[in-house]
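Subject: Structure handover

Hello,

Here is the structure I promised to pass on. Please load it before you read the rest.

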Amino acid sequence: MQRLVYLVVGGGVGASLTGLTTARHRQTDTGLTTDRHRQTDGLLSHVPVIPVPSVEAAADLTVYQGSASPGSRAVMKYGFPSLANIKSRESYITSYDPRTRTASWVIEQLNSASLTGTSDRKFCDFKEDDSIHVYHRATNADYKGSGFDRGHLAAAANHKWSQKAMDDTFYLSNVSPQNPHLNQNAWNNLEKLCRSLTKHYLNVYICTGPLYLPSRAEADGKLYVRYQVLGRNHVAVPTHFFKVVILERADARGVELRSYVFPNAPVDEKLPLECFLVPIESIERASGLLFIPNIMKTTNNLKTITAK
């Protein structure tokens with residue numbers, strides 16, 4: 001049976017960031033300045049873009065069959081973007097990268113029930129993940145005095161349904177070094193948006209992770225991947241972050257997909273979040289992960305939103 005990917009509002013999954021730039025400039029009636037557009041375009045210009053591949057041509061990924069808590073089993077519905085070093089927590093599933101001392105990705109499920117409860121982050125503390133070998137894990141000392149926030153990948157506020165679920169989001173394996181301005185403003189706004197989507201969709205599945213993208217050196221014009229490391233354990237500082245959002249429609253008419261990339265740098269929080277929408281293939285290529293194959297195993301009606 002032929003599987004169709006429905007592309008809406010924008011140039012489509014394979015649209016280039018140049019197309020997105022044009023869409024952003026059409027939003028001048030919102031009061032955004034041209035300088036702000038130039039800022040965003042420059043920050044996102046390093047995201048690789050490739051043409052739309054055949055969905056069937058992508059490699060299959062087997063759904064993880066290990067043990068998991070009841071709260072995290074539902075997260076497996078759309079499979080995993082990779083299968084290395086999978087760990088299950090009360091409220092999310094993660095793939096850990098021992099080389100960078102942070103996760104490659106974290107998947108969580110949000111709905112109205114998960115956002116309701118008496119859990120309070122004042123009872124939570126950032127802590128080492130002692131399930132990871134001491135050689136390969138981050139410590140609080142690595143972040144101390146670094147100038148970076150301990151940025152949640154699975155957000156604490158997404159899991160008010162259980163104090164343990166919220167506590168689990170404070171493992172340093174669920175944290176990446178994040179620019180404080182980004183963490184406390186634009187990225188926080190994106191997390192709030194994801195929570196608000198639970199009012200309009202049956203379930204919201206979120207996959208979040210770091211990116212390490214190349215930049216061009218001025219001296220020789222060549223591309224290099226460069227990133228800072230923190231502390232004694234050399235915790236890698238991402239150049240960018242991605243967030244892939246899978247939205248299940250309440251009318252059972254398929255799912256919608258939104259994918260965002262933010263630079264790990266100060267971002268004007270007044271910029272619309274739509275400015276950071278990118279084609280999902282950009283994230284797949286840059287991260288080495290795959291999302292579309294497993295999603296298409298579950299539904300043949302996928303709307304991919306790349307711009308508004």
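Below is what was found, from the whole chain down to single residues.

**Overall**

Please keep in mind that this is a predicted model. The protein chain has 308 residues, and 53% of them count as buried. It holds nine helices and 14 strands. Take the contacts with a separation of 6 or more: 71% of them join residues 24 or more positions apart. The accessible surface is about 14000 Å². Carbon and sulfur atoms own 50% of that surface.

**Nonpolar cores**

As background, nonpolar side chains in soluble globular proteins tend to be buried together. Here the largest nonpolar core has 29 residues. Those with the most contacts inside it are Leu182, Val204, Val245, Tyr260, Phe262 and Phe276. Which elements give two or more residues to this core? They are strand S4 (102-110), helix H7 (186-196), S7, S12 and strand S13 (255-263). H7 gives the most, with four residues.

Phe262 deserves a look on screen. Leaving out residues up to four places away in sequence, Phe262 touches Leu182, Ala186, Trp187, Leu190, His240, Phe241, Leu273 and Phe276. Some of these names return in an aromatic cluster, which is made up of Trp187, Phe241, Phe262 and Phe276.

There is also a second, separate core, with 27 residues. Among them are Trp105, Cys207, Ile246 and Phe291.

**Cysteines**

How many disulfides are there? The count is zero. Cys207 has 4% relative accessibility; that is under the 20% cut-off, so Cys207 counts as buried. Cys275 is at 0%, so Cys275 is buried by the same cut-off.

**Aromatic pairs**

The count comes to eight aromatic pairs. Two are set out here.

Tyr212 and Tyr227 form a tilted pair. The ring centres are 4.9 Å apart, with 55 degrees between the planes. Is Tyr227 buried, exposed or partly exposed? Its relative accessibility is 40%, which lies between the 20% and 50% cut-offs, so Tyr227 counts as partly exposed.

The other pair is Phe242 with Phe291. Their ring centres are 6.2 Å apart and their planes stand at 75 degrees. That angle is over 60 degrees, so the pair is edge-to-face. Phe242 lies in strand S12 (residues 240-248). Phe291 lies in the loop between helix H8 (280-287) and helix H9 (292-298). The pair therefore ties together parts that are 49 residues apart in sequence. Both Phe242 and Phe291 are buried.

**Charges over a ring**

Tyr171 has two charged ends over its ring. The charged end of Arg89 sits 3.9 Å from the ring centre. The charged end of Lys127 sits over that ring as well, 4.5 Å from its centre.

Arg89 also turns up beside Asp168. Not counting residues up to four places away in sequence, Asp168 touches Arg89, Glu90 and Tyr92. Asp168 is in helix H5 (residues 163-168). Its relative accessible area is 4%, so Asp168 counts as buried.

**Helix H8**

Which residues of H8 are buried? They are Ile280, Glu281, Ser282, Ile283 and Glu284. Their cover includes S12, S13 and H9. Gly288 follows H8, and its phi is positive, near 80 degrees.

**Ala138**

One last position. Ala138 lies in the loop between S4 and helix H4 (140-143). With a relative accessible area of 3%, Ala138 is buried. Setting aside neighbours within four places in sequence, Ala138 is in contact with Tyr96, Arg101, Glu128, Tyr143, Leu172 and Val235. The C-alpha atoms of Ala138 and His234 are separated by 8.1 Å. Along the chain, Ala138 and His234 are 96 residues apart.

Best regards

How values were computed: Residues are numbered from 1 along each chain as its sequence is written. This is a predicted model: local features need pLDDT of at least 70, side-chain atom pairs count only at pLDDT 80 or more; totals for chains, interfaces and linings use all residues. Side-chain values use heavy atoms; hydrogens and water are left out. Rings of Phe, Tyr and Trp (its six-membered ring) pair if their centres lie within 6.5 Å; planes under 30 degrees apart count as stacked, over 60 as edge-to-face and the rest as tilted. Buried means under 20% relative accessible area, exposed over 50%, partly exposed in between (1.4 Å probe, protein chains only). A charge sits over a ring if NZ of Lys or CZ of Arg is within 6 Å of the ring centre and within 35 degrees of the ring normal. Contact means heavy atoms within 4.5 Å. Accessible areas come from the Shrake-Rupley method with a 1.4 Å probe; for residues, only the protein chains shown count as cover. A disulfide is a pair of cysteine sulfur atoms within 2.5 Å. A nonpolar core is a set of buried Ala, Val, Leu, Ile, Met, Phe, Trp, Tyr and Cys residues joined through side-chain atoms within 4.5 Å.
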